[in-house]
Amino acid sequence: MDHLPTQALFAGELRRARTALGLSQEALGQQINYSASLVAMVEQCRRMPRADFAERCDEVLGTGGLLGRIREVMLQEALLPWFREWVAIEQEATTLYSYQPLVVPGLLQTEQYARALLKGAGRFTDDQIDRQVAARLERQHVLTRDEPPQFVSVLDEFVLRRPVGGPKVMREQLRHLIEVGRRPLTHLHVVPSGAGAYVGLNGAFVIATCQNGDEVAYLDNQLKGHIVGRAVDVLSLRQTWEAVRAEALPHRQSLDLIAKVAEEWT
């Protein structure tokens, strides 16, 4: 089975702490309110542990947060190598300006949407998909932490209508966008389909403002993503961002459109 070294470490430490207290998998499962079969799958590296699972195990087993810390390292390892630096920047940013013409941005994806997207890519095994989804959901905590960054996301209307995962997944995803869009520092804008051709169709990007005021950007392609730090290039992307934003609907109208399209996914 394909698994990370830290996943095996987590499984081993969980098993060691459980047996040291004389607990069976079933007994531990009862105390943490998870099934014995799930405990077994985590110990066999067949399932990625969720944050709540690690926290409850740490509490019941008295491991002092060890399992939670191992899980954090595990999720870092799950990220594709070229993406790790950007995630570090993303987690420290004061503002994030995101534009996506094709799919919902990772910071706004539901678990099922992310899973369907990764499965559709055809590049990952089931184990790799589990790890990628867990890491993606963990990244989203940046938007709910104390003092989160201002997050402004512009989506093409086509994103709302692309059937990723089927109608149920899309309906839940769009309802999630509405919920997230009601947060004080999160603003969503949709470029309506009637806009026709515009500069943003050249590709997705994100611009991050760092704590020192510097701006860096992230671009993706079929092979990998890369970070853009050269001032002239970031300025060009900032100009593109302003042009894209000008094509988009205001925040409230965008949420109304998202709600309308969500109800069409039946």
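Reader: Hi! What kind of model is this, and how are residues numbered?
Author: It is a predicted model, where local features need pLDDT of at least 70, side-chain atom pairs count only at pLDDT 80 or more, and totals for chains, interfaces and linings use all residues. Residues are numbered from 1 along each chain as its sequence is written, and side-chain values use heavy atoms, with hydrogens and water left out.

Reader: Thanks! At what angle do α1 and α5 cross?
Author: Roughly 165°, with the axes of α1 (residues 5–20) and α5 (residues 66–78) coming within 8 Å. Axes are lines fitted to C-alpha atoms, for helices over the stretch in contact, and angles run from 0 to 180 degrees between N-to-C directions. Helices are DSSP runs (H or I, at least four residues) and strands are too (E, at least two), numbered from the N terminus.

Reader: So are they roughly parallel or roughly antiparallel?
Author: Roughly antiparallel, a label for angles over 145 degrees.

Reader: Which residues make that contact?
Author: Among them are Leu 9 and Phe 10 of α1 and Ile 70 and Met 74 of α5; contact means heavy atoms within 4.5 Å.

Reader: Nice. Switching to the sheet, what is the strand order?
Author: The open sheet of six strands runs β3-β2-β1-β4-β5-β6, with mixed pairing; two strands pair if DSSP finds at least two bridges between them.

Reader: Which strands stand at the edges?
Author: β3 (186–191) and β6 (225–228), each with a single partner strand, so one side of each is left without a neighbour in the sheet.

Reader: And how do β1 and β4 pair?
Author: In the antiparallel sense, over five bridges. Thr 95 stands opposite Thr 209 in β4.

Key. Parallel < 35°, antiparallel > 145°, perpendicular 65-115°, else oblique.
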